[in-house]
Amino acid sequence: MKYSKPVLNKNVEITDDFWKQKIELIRHEVIPYQWNALNDKVDGAEPSACIRNFRLAAKVLEKRANGEETPVFPTDKWHYPPKAEDENSFWGWVFQDTDIVKWIEAVAYSLENCPDNDLEALADGAIDLICAAQADNGYLDTFYTINNPDRAFTNLRDHHELYCFGHLAEAAVAYYNATGKDKLLNAACRFADLICDVFGENRKAGYGGHEIAEMALIRLYEVTNNAEYLKMAKLLVDRRGTKPYYFDIEHGRNSGDRLDYFYNQAHLPVREQTEAVGHAVRGVYLYSGMADVARLTNDEELFNACKRIFDNIAQKRMYVTGGIGSTRDGEAFTFDYDLPNDLAYAESCASIGLVFFARRMLQQDFDSKYADVMERCLYNGILSGMAEDGKAFFYVNPLEVDPVACERDSRKSHVKPLRQKWFDCACCPPNIARLISDYGEYCFTETDNTFFVNLYQSANVKTDKADITISSDYLGSGKVTFEIKTKKPFRLALRIPYWSDHFSFSKANPFIKKGYAYFDIEGDETLSAEFEPKIKIIKCNPRVRSNIGKVAVMRGPIVYCLEEKDNGKDLQLLRLSHSPKFSFDGECITANGYREIVDTNELYYEYREAEEILIKLKFIPYFQWANRGKNEMSVYIRY
C-alpha cells in the first residue's frame, strides 16, 4: 500500500496572518493560562487537581519504597470530587492525568514553532513530576497508584489506563521530536513495555474502553522502531468486538448482547463495522488507530472498513461545521441524518479526532475529500471551542442557542451560551492547544516523488524536494502563489477545495485526479492557483429533519451564523431573502432578509400569510460566536 507522510511541523513555518495569529495565541496566552488552570490558579475556574495528583502519587510511591503502608481508597467511580474525597486520595476524573501531558504536547509543537528556553524549562519540570509518579514496573496512572495499585488493569472498559497511556505516549514523542530530550519518551516506553507484557500475544486479551492507545503505540513504533509496539497496536484493533467480549470477562458477566458495546465501538469486529457508532471521540480515535495499523501492515480489508466509516461520518453524521456526536447521551453518534441544531453535542475533542482520522486516511488514499473534512473542522467546529483571547472554552459546539433554554430546559443544559474558564473534565482545552500548535503538520504530506498541499496558508516549507514559499490570500481573493526553489524534480499536488466551483492555475493542463491538480516541477519556478470563494447558500439533505426549509451561509471554508447582538432577539423569526444581495466586508457578511411581525398573543389561530418587514441580516464567522456576551445564535435560517 503506497502512502504519504506528513511534512513535520518543524519544517513548516506558518507566516499566514490568520493561522499565525492562532498559533501565537496558543504560545503567548493559552499555554500559560492552561498551566495556571492545571495548578488550580485561575480564579473562578473549576479546579483541575491534575498536577496535585501527580505530586501525591510521587509521595505515595516514595512511602511504599521506604516500606510504609499507604491507605487504600475506592476505585469504583469515574469521578472523585475534591470536596467529597479524603485529602490523601485521588481527585477528579479517572483520566485527569491526560490534561498535563496534552499540555506538554502543545508545548512541544510550540517550541518547534518558536524556541523558548523558559517554556522548555517549565515543561522539563512537569516531566520530572510525571516521571516521579512512575512505578518501578513502568506503570504510570495516578488514579490507581494513589487509591489502590492492586486494582490496576481490572477495569479497562471504564477506567482509562490505556487512554492515559496513549496521551502520555503522544506527548512523549512530540517532546522528543521537538527537543531531543528522551526522559518522557523513556517513561512512555516503559509503560508500553508493561502493557505489552500484560496484554500481548497469548496474554490477557484486553483492549481499552476509551481508544487512543492504538495510534499512540504506532507513534512510539515510528520513533523507536520497536516492532512490539506495532504488534500491540494491531492486537488492540483486532480484538475489539470479538467474542467472548473482553468487557464481559473483566466484569464477570455474559450479556450476549452486542448492543451493550456500541458505546465503545466493541459491538462487532472492526473489519465488519460499516458506520460510526457510540461515543464520538472514542470512535474517531479508534478509526485513526485502525487507519494507522492498516497503513503499516498493508491491511486492505481494514483500510476498506475505515473508508466505509469515514464516508458514513462525512455524508450522513457530520454537522456543516465539522461537528460530530449529535446527542449528549453518551456524547455519541446516533443514526443517519440525525443532526439537531439546539441539542447538538459536537464536542471539541470529537472534531479534533475527526481531523486525526481524516489526515490518516489522506496519507493512504490521495483524495481531497479527507482534506476537505479537515478544513471544515479546523475553520469552524474546532476554532469555535476557544475564545478569541484564549482564556475560555466550549466543550459543546451547538448550531443554535437560546440562553433561556440552556438555563431552564434540562435537555439543553449541556449547551452553554458562554465559554467557560475551565472544566473539571478538561479534555477539550489542551486538545485544542495541541492541535493548533501542530497545525503545520496537517498542511502538507509527501511521498518519495510528490508533495501534496492539503491546506492553504502562507508558509515557508523545507523538504528534500524543494524549498517552497507560499503566499496566500486564501480567505480573501482565494489566490495562492508558490515560489519553488527546486532541489530535485518532483510532482506538486494542489487540492481543489470542495467549495470552489471556479478555479484556475498559472500553469496549464494539470493532471486532475480525486480532487488534486498535479504539476511536474523540473526546476525553479513560480506557480499560482486561484479558487473563487464566493458566498454560498447551503442546504441540508432533506432527511435532516431539523433543517427543513432552512439554509446556512458559507464563504470559502467558513460557516457563518447569526447572533442576537446584530440581528435582535427571536432569530427564529428571521428569513433570508431569495434575492439576498450578499456583501462581504473582509470578515462579516450582510444580506437582505425579513423579520416576521408577531401581532398576536394567541398560541393558536387560523392560518394567514405572515407579515414581514425587510431588514439587513448580519452573519459572522461561526467560530467567533459568543465573544460579545450571552445572546442567541443560529447557523441555520429560514429560506
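Me: What makes helix H3 and helix H16 roughly parallel to each other?

Reply: This is a predicted model. In it, the axes of H3 (residues 98-113) and H16 (residues 428-437) cross at roughly 20 degrees. Angles under 35 degrees count as roughly parallel. H3 and H16 are therefore roughly parallel to each other. Their axes come within 8 Å, and the crossing is left-handed.

Me: Which residues make that contact between H3 and H16?

Reply: H3 supplies Asp99, Lys102, Trp103, Glu105, Ala106, Tyr109, Ser110 and Asn113. H16 supplies Pro430, Asn431, Ala433, Arg434 and Ser437. By class, five are nonpolar, four polar and four charged.

Me: How do H6 and H7 cross?

Reply: The axes of helix H6 (residues 161-179) and helix H7 (residues 183-199) cross at roughly 145 degrees. They come within 8 Å. The crossing of H6 and H7 is left-handed.

Me: What classes of residue are in the contact of H6 with H7?

Reply: From H6 come Glu161, Leu162, Phe165, Leu168, Ala169, Ala171, Ala172, Val173 and Tyr176. From H7 come Leu184, Leu185, Ala188, Phe191, Ala192 and Ile195. The count is 14 nonpolar, no polar and one charged. Glu counts as charged, and Glu161 is in the contact.

Me: Is Ser458 buried or exposed, and where is Ser458 found?

Reply: Its relative accessible area is 11%. Buried means under 20%. So Ser458 is buried. Ser458 lies in the loop between strand E7 (450-453) and strand E8 (459-462).

Me: Why are E1 and E13 called edge strands?

Reply: Start with the order: E1-E6-E7-E11-E14-E13. This is an open sheet of six strands with mixed pairing. Strand E1 (5-6) and strand E13 (511-513) each pair on one side only. That is what puts them at the edges.

Me: What makes E13 and E14 a pair?

Reply: Two strands pair if there are at least two bridges between them. E13 and strand E14 (residues 516-521) have three bridges, in the antiparallel sense. Phe511 stands opposite Tyr518 in E14.

Me: Which helix packs on the sheet?

Reply: Helix H14 (residues 368-382) does. H14 touches strand E11 (490-495) and E14. The direction of H14 makes about 50 degrees with that of E11.

Methods:
Residues are numbered from 1 along each chain as its sequence is written. This is a predicted model: local features need pLDDT of at least 70, side-chain atom pairs count only at pLDDT 80 or more; totals for chains, interfaces and linings use all residues. Side-chain values use heavy atoms; hydrogens and water are left out. Axes are lines fitted to C-alpha atoms, for helices over the stretch in contact, and angles run from 0 to 180 degrees between N-to-C directions. Helices (H or I, at least four residues) and strands (E, at least two) are DSSP runs, numbered from the N terminus. Angles under 35 degrees count as roughly parallel, over 145 as roughly antiparallel, 65 to 115 as roughly perpendicular and the rest as oblique. A crossing is left-handed if the near helix is turned anticlockwise from the far one by less than a right angle, and right-handed if clockwise. Contact means heavy atoms within 4.5 Å. Buried means under 20% relative accessible area, exposed over 50%, partly exposed in between (1.4 Å probe, protein chains only).
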